[in-house]
Amino acid sequence: MSTFRLISKFNPTGDQPVAIEKLAANLDAGIRHQTLLGVTGSGKTFTMANVIERVQKPTLVISHNKTLAMQLYQEFKEFFPENAVHYFVSYYDYYQPEAYIPQTDTYIEKDTKINEMIDALRHAATASLLTRRDVIIVASVSCIYGLGSPEEYQKASIELKMGQKISRRELLHNLVMLRYARNPIDPCQGHFRTRENAIEIYLPSGENKIAVEIEKGRITNLHESKTKTNESRKLNQFRVYPAKHFVTPQNSLNLAISNIRQELKERLAELKKRGKVLEAARLRQRTNFDLEMLEKIGYMNGIENYSRQLDFRKSGTPPHTLIDYFNYAFQHRPSENSKHRVFFRSTPGVDGQFSDGLYVSKWLCIIDESHVSIPQIRGMYAGDHSRKETLIEYGFRLPSALDNRPLMFKEFNQKVEQIIYASATPTEYELQMSKQSYRDPIPVTQGSDPCIVEQLIRPTGILDPRIEVRPTKNQIHAVIAEIKKRIAKNERSLVMALTKRLAEDIAEYLEEAGIKAKYLHSEVKTLERPETLKKLRTGEHDVIVGINLLREGLDLPEVSFIAILDADKEGFLRNITTLLQIIGRAARHIDGKVTLYADTMTGSMRAAINETNRRRKIQEDYNRAHGITPAQIKKEIRKSLLEETAAKDEFPMPDGPTEKIVKSLEREMKKASREMNFELAAKIRDRIIRQTDP
């Protein structure tokens with residue numbers, strides 16, 4: 001499959017057709033920056049999917065948090081079932097970065113817990129980028145962090161073909177060089193094992209394995225199978241990519257190690273000259289240990305700190321990121337679009353000047369909820385740089401570790417091609433960049449700002465929610481009464497607090513009042529967040545209490561009431577943008593209502609109420625003119641990624657008589673318990689009970 005094909009039972013309605021036409025025409029004309037100003041529930045994701053199908057460009061969709069990224073991933077996967085849609089977020093369930101606090105002489109060692117499933121999804125994303133064109137990747141801001149060189153990743157891969165001359169020993173050696181681990185007993189992603197005359201390679205993407213049969217120094221059989229179901233198909237050829245993104249060929253690795261030793265020598269001399277004997281001794285010990293690991297096995301924890309040397313980059317140059325995989329994958333491929341002579345104003349440089357130039361579009365970047373995502377991208381570099389400088393100053397890292405970093409915002413803009421900013425509340429930055437991108441007339445544009453496309457009409461005719469302001473006195477009791485009204489009508493509610501502790505306390509208090517409540521904040525695990533939201537939609541929870549996660553983009557059509565506590569506490573959590581985003585969560589229900597509990601009317605509150613009323617009037621006028629009666633949104637409740645994984649991991653029933661089956665299941669149950677995989681052990685236990693029940 002080489003083209004994008006959107007599959008949906010819906011057609012664009014309301015102002016979606018105009019928005020799609022404008023955005024696509026601007027992209028075809030080579031416009032670099034444009035903004036989709038779409039209210040909550042107006043179908044921005046559907047509009048973006050239609051644009052992708054129209055322009056036929058590989059697309060990177062950037063989201064500001066993992067929960068929203070998961071929702072977008074599932075939606076795009078439904079829209080494009082025949083194409084490669086992938087999920088790319090940070091693979092840490094827990095991440096404590098390496099740090100040093102000089103004031104207390106406290107060293108904090110890097111501590112992480114890697115989620116293997118997310119790691120597999122990341123590998124699947126990069127492998128697709130290098131093998132096909134019809135790719136959509138939904139990513140968090142982790143896409144601007146170092147990932148290893150795409151060129152080396154491609155060069156290091158092994159292409160296997162039927163009839164290819166290769167010895168068994170040579171293939172095994174190559175797999176080890178690609179950082180695959182030999183595991184003859186219980187292989188999983190990134191492992192390999194030998195079985196009779198076949199070598200089984202468990203791909204880093206986690207879903208498939210490749211079986212290679214070699215006889216008399218040639219490949220005689222090559223087939224791919226699902227690791228869970230064992231469905232298989234024969235292949236004529238297949239490219240095996242490395243098990244790790246940071247990979248350096250052995251001949252280059254030796255030179256890189258030599259360069260690291262030279263840097264260490266220069267840094268030690270500098271530290272000794274400054275009288276920092278302790279720091280020099282510390283740096284020597286730590287770096288030599290890392291180099292020994294690199295020499296022996298070609299990999300080590302913290303290898304990313306030497307990425308500049310391993311990639312042979314100059315000091316100060318940006319790291320390779322997922323964005324570089326897009327640029328590398330498509331820079332040599334012909335574009336369906338012809339070359340455009342486009343005069344656009346690029347990102348301002350140090351002198352504040354803009355430059356004109358020739359632009360050929362190859363792939364598309366959509367920044368969802370750009371009012372939050374852009375500041376995140378902009379702010380990642382400074383904090384990382386400050387932490388690394390301290391580590392370097394006190395002898396914990398070499399100076400080259402500074403170049404293991406996220407992209408600067410200027411570098412991000414230089415690497416990314418055409419951008420669509422999507423938000424109900426775009427900031428001045430997005431609007432200004434969109435205005436500056438336009439010069440010459442292009443088709444299908446109206447008004448003075450053709451690169452700022454408004455989408456205010458919802459396909460179902462639902463209006464923006466009604467807003468009321470109430471005093472803070474007895475606000476929790478008032479909230480309980482409102483929630484119970486919604487429960488009686490089988491509707492859901494959200495409560496917005498100011499702190500994590502307060503959210504937890506309110507959830508507990510609501511439970512004591514007989515309400516099925518759950519809190520949701522940043523300390524809840526990544527893959528559990530969509531599960532919590534799903535339980536809200538199904539009615540297992542009546543209300544979710546949150547802080548900042550229950551804002552941008554979350555699609556909860558069952559929510560009819562939102563309580564914003566302490567709405568007059570002006571600040572980040574109660575500014576106009578945040579208030580509009582929270583209000584938007586009730587805009588998917590026909591009886592949506594938002595109550596702001598406040599004792600004073602702040603400027604942000606007044607602006608948010610006025611903007612909501614403005615949009616509501618436009619929507620009412622449109623409905624009246626077109627004879628539309630608002631209808632409640634009914635949206636399918638999807639399986640969460642945890643449920644899909646659980647279904648895939650369901651232990652297959654062995655063949656044979658009952659006694660043999662039970663013994664086999666008991667062995668697997670004990671094995672799962674030893675590995676502390678208690679959920680799988682419990683599943684197998686339940687299977688044993690079902691099997692032995694008369």
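Here, a residue is called exposed when its relative accessible area is over 50%, buried when that value is under 20%, and partly exposed in between. Keep in mind that this is a predicted model.

Start with helix 15, residues 500-512. Its 13 residues reach 19 Å from the first C-alpha to the last, close to the 18 Å expected at 1.5 Å a residue. Ala 503, Ile 506, Ala 507 and Leu 510 are the buried residues of helix 15. Looking down the axis of helix 15, you will find these buried residues within an arc of 100°, so they line one face of the helix. They pack against helix 14 (475-488), strand 22 (517-520) and strand 23 (543-546). Turn to the other side of helix 15, and Arg 501 and Glu 512 are exposed. Just after the helix comes Gly 514, with a positive phi of about 85°.

Now for the charged side chains. Side chains of opposite charge can pair when their charged atoms come close. Across the whole structure, a search finds 40 salt bridges. One of them joins Arg 308 to Asp 403, with the closest N and O atoms 3.0 Å apart. Arg 308 sits in helix 9 (residues 307-311) and Asp 403 in the loop between helix 11 (370-393) and helix 12 (409-415), so this pair ties together parts that are 95 residues apart in sequence. Both Arg 308 and Asp 403 are buried.

Elsewhere, Arg 267, Glu 270, Arg 274, Lys 276 and Glu 393 are linked in a network of salt bridges.

Beyond its sequence neighbours within four places, the contacts of Glu 213 include Asn 197, Arg 218 and Thr 220.

Finally, the cysteines: how many disulfides are there? The count comes to zero. The sulfur of Cys 365 has its closest cysteine sulfur in Cys 143, 7.2 Å away, which is too far for a bond. Cys 365 is buried at 0% relative accessible area, and Cys 451 is buried at 1%.

Note on methods
Residues are numbered from 1 along each chain as its sequence is written. This is a predicted model: local features need pLDDT of at least 70, side-chain atom pairs count only at pLDDT 80 or more; totals for chains, interfaces and linings use all residues. Side-chain values use heavy atoms; hydrogens and water are left out. A disulfide is a pair of cysteine sulfur atoms within 2.5 Å. Buried means under 20% relative accessible area, exposed over 50%, partly exposed in between (1.4 Å probe, protein chains only). Helices (H or I, at least four residues) and strands (E, at least two) are DSSP runs, numbered from the N terminus. The expected span of a helix is 1.5 Å times one less than its number of residues. The arc is that of the directions from the helix axis to the C-beta atoms. Contact means heavy atoms within 4.5 Å. A salt bridge is a side-chain nitrogen of Lys or Arg within 4 Å of a carboxyl oxygen of Asp or Glu.
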